[in-house]
Amino acid sequence: MSDDCIFCSIISGDIPGRVVAETDDALAFLDANPLAPGHALVVPKAHTERLADLGADESRAVFDLVHDLVPDVEAAVDADGLNVGINDGEAAGQEVPHVHVHLVPRFESDGGSPIHAVAGERPDLDDDDLDDIAARIEG
Ligand code: 5GP
Ligand code: ZN
């Protein structure tokens with residue numbers, strides 16, 4: 001628990017949150033400033049800033065809850081689809097430094113975009129560049 005973390009305060013019950021699901025290691029609650037009806041956040045209960053810092057058990061707990069919740073959220077607001085995303089790091093738009101998975105219900109003709117719209121201009125990469133990047137990730 002981090003004293004100055006808003007999500008830790010929701011997890012501990014110090015500030016109210018519209019909790020929609022809970023397991024031993026993960027919690028889900030509605031986003032206070034929703035992008036769509038049903039916009040929910042799934043967080044590990046342990047304060048962890050970046051995805052890579054999550055332990056294997058916490059990671060499983062978070063993604064298991066995401067998996068369980070997707071159909072429930074979609075049905076609750078009669079959505080046509082749903083985007084699942086994580087802003088991991090400030091450069092990616094992370095504002096609250098406690099890992100959270102966004103579940104954003106989507107509706108036909110809601111005027112939104114697919115997840116491809118999150119990045120900036122598309123890079124100009126040839127086959128060698130792609131091979132090189134793949135090799136570096138593979139390590
Ligand atoms: P980020 O940009 O870090 O990925 O998203 C943070 C999310 O947390 C935003 O969608 C924002 O609306 C939500 N949020 C910020 N403060 C609170 C809060 O106090 N309660 C809840 N439920 N959501 C919050
Ligand atoms: Zn926290």
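These exercises, each with a worked solution, walk through one predicted model.

Local features need pLDDT of at least 70 and side-chain atom pairs pLDDT 80 or more, while totals for chains, interfaces and linings use all residues. Residues are numbered from 1 along each chain as written, chains are lettered from A and ligands numbered from 1 in written order, and side-chain values use heavy atoms, without hydrogens and water.

**Exercise 1. The zinc site**

Task: Find which atoms coordinate the zinc ion (ligand 2), and work out why the arrangement is tetrahedral.

Solution: 
- Step 1. List the donors, which are N, O and S atoms within 2.8 Å of the metal (3.2 Å for Na, K and Ca); water is not among the atoms, so sites may look incomplete. Cys5 (SG), Cys8 (SG), His47 (ND1) and His98 (ND1) coordinate the zinc ion (ligand 2), at 2.0 to 2.3 Å.
- Step 2. Check the angles. Four donors count as tetrahedral if all angles lie between 85 and 135 degrees. Around the zinc ion (ligand 2) the four donor atoms subtend 105 to 116°, so the arrangement is tetrahedral.
- Step 3. Read the spacing. The donor residues follow C-x2-C-x38-H-x50-H in sequence.
- Step 4. Helices (H or I, at least four residues) and strands (E, at least two) are DSSP runs, numbered from the N terminus. His47 is in the loop between strand E3 (40–44) and helix H2 (56–76), and His98 in the loop between strand E4 (81–85) and E5, so the pair ties together parts 51 residues apart in sequence.
- Step 5. Check burial. Buried means under 20% relative accessible area, exposed over 50%, partly exposed in between (1.4 Å probe, protein chains only). His98 is buried at 0%. His47 is partly exposed at 30%.

**Exercise 2. Arg106**

Task: Decide whether Arg106 is buried or exposed, and find the side chain that a polar contact joins to Arg106.

Solution: 
- Step 1. Locate the residue. Arg106 belongs to strand E5 (residues 101–106).
- Step 2. Read the area. Its relative accessible area is 18%, so Arg106 is buried.
- Step 3. Find the polar partner. A polar contact is a pair of N or O atoms within 3.5 Å; within protein, one must be able to donate a hydrogen and the other to accept it, and residues adjacent in sequence count only if both atoms are side-chain atoms. The side chains of Arg106 and Asn83 make one of 2.5 Å.
- Step 4. Contact means heavy atoms within 4.5 Å. Beyond four places in sequence, Arg106 is in contact with residues including Ala79, Asp80, Leu82 and Pro114.
- Step 5. Name the bridge. Gly81 has Arg106 as its bridge partner in E5.

Key. Tetrahedral: all angles 85-135°; square planar, octahedral: opposite > 155°, others 65-115°. Pairing = 2+ DSSP bridges.
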